[in-house]
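Open the model in your viewer and keep the selection panel at hand.

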Amino acid sequence: KMYLTPWITYSFGYDKIDNSSATDADLDIATSLVMMYYKTQNEAYKVDALNIINAIWDAEVNKTTYLLYSGNTSTWVNDNPVYNLSYFSPVALRLFAVVDPAHDWNKVLDSMYAYMMQVQNAGTGVFPDWSDASGAAVNPNNGSADKTYWTFNKESVRIPWRIAWDFYWFADERDQAILAKLNSFISTKASGDPSSPALGTSYSWDPSKSDISSTVVPPQWLAGWCATGIGTNPDWLNACTNLVNAKTLTRNGSSYFPDILLGLYSALLNGKFVRPAI
């Protein structure tokens, strides 16, 4: 039986279904079920979570490198995999390690951290949307990022949420190092001012490639850059959290992604991500 979730269904204007999986969604769905298990002690949530967790292990973990593939099809599972670091959820892997001791989720966690820091340290300090096994920015060749893949863009803007969430719950020093490097980068670009239009630019991971400049700061960009201050820059964090809290949801037919991400970031920045008793 297939326990992974199709990444396209009939919604948000799409008129097709794609039954291939997207690893970030699988991680998040399983995480929500584990959290509900700990909140309610209802075993049904744990059973459902383990079905998905086992399927993730079988189909979305590279058994050679222990990195997370981006999905379960040959587009992602091949001899030259393309990785998406915004799919890395440390919180998910920690929870999986607790409820599924049959698989070495801590090895996946450590491998993903090592890879993430390799990618960050090899470039300008930001993350590209997509990267290859060597840690270099690469075009995924799926039509999603032909003109953006080397920049901190629509994929990478989720990274600060996932890393800051983990730091908030588990205070891992690797989280702090990743966030500190990101915050140093953006606070320098913005001269320490989180209201600066510098936050709207999609910065290049590759020093030989151009940034994609913009003076418009989408709300999820503001929120993402805000979260980089967690654990390292309280002045930045407090000032930009006030800016995030002043934002409103767009709520139109194409705003589901920025609205959802803004909501997630806002909840985290305002202390609403409550860690369950594990």
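How many residues does the largest nonpolar core have, and which have the most contacts inside it? This is a predicted model. Its largest nonpolar core counts 81 residues. Select L93, F96, W105, V108 and W225: these have the most contacts within that core. Now colour helix 4, residues 105–122. Helix 4 supplies the largest share of this core, eight residues.

Next, centre on F96. Skip its neighbours within four places in sequence, and F96 is in contact with L27, A30, T31, I53, I56 and W105.

The crossing of the two is left-handed. Show side chains for P90, L93, R94, F96 and A97 in helix 3. They meet W105, N106, V108, L109 and Y113 in helix 4. By class, this contact has eight nonpolar residues, one polar and one charged.

Move on to helix 7 (residues 219–227) and helix 9 (residues 256–269). Their axes come within 8 Å and cross at roughly 30°. That makes helix 7 roughly parallel to helix 9. The crossing of helix 7 and helix 9 is left-handed. From helix 7, select P219, Q220, A223, G224, C226 and A227. From helix 9, select their partners F257, P258, L261, L262, Y265 and L269. Here the contact has 10 nonpolar residues, two polar and no charged ones.

Key. Residues numbered from 1 in each chain as written. Predicted model: local features only at pLDDT ≥ 70, side-chain atom pairs only at ≥ 80, totals over all residues. Heavy atoms only, no water. Axes fitted to C-alpha atoms, helices over the stretch in contact; angles between N-to-C directions. Helix = DSSP H or I, 4+ residues; strand = E, 2+ residues; numbered from the N terminus. Parallel < 35°, antiparallel > 145°, perpendicular 65-115°, else oblique. Left-handed = near helix turned anticlockwise from the far one by under 90°. Contact = heavy atoms within 4.5 Å. Nonpolar A, V, L, I, M, F, W, Y, C, P; charged D, E, K, R; others polar. Core = buried A, V, L, I, M, F, W, Y, C linked by side-chain atoms within 4.5 Å. Buried < 20%, exposed > 50% of the residue type's maximum accessible area, 1.4 Å probe, protein only.
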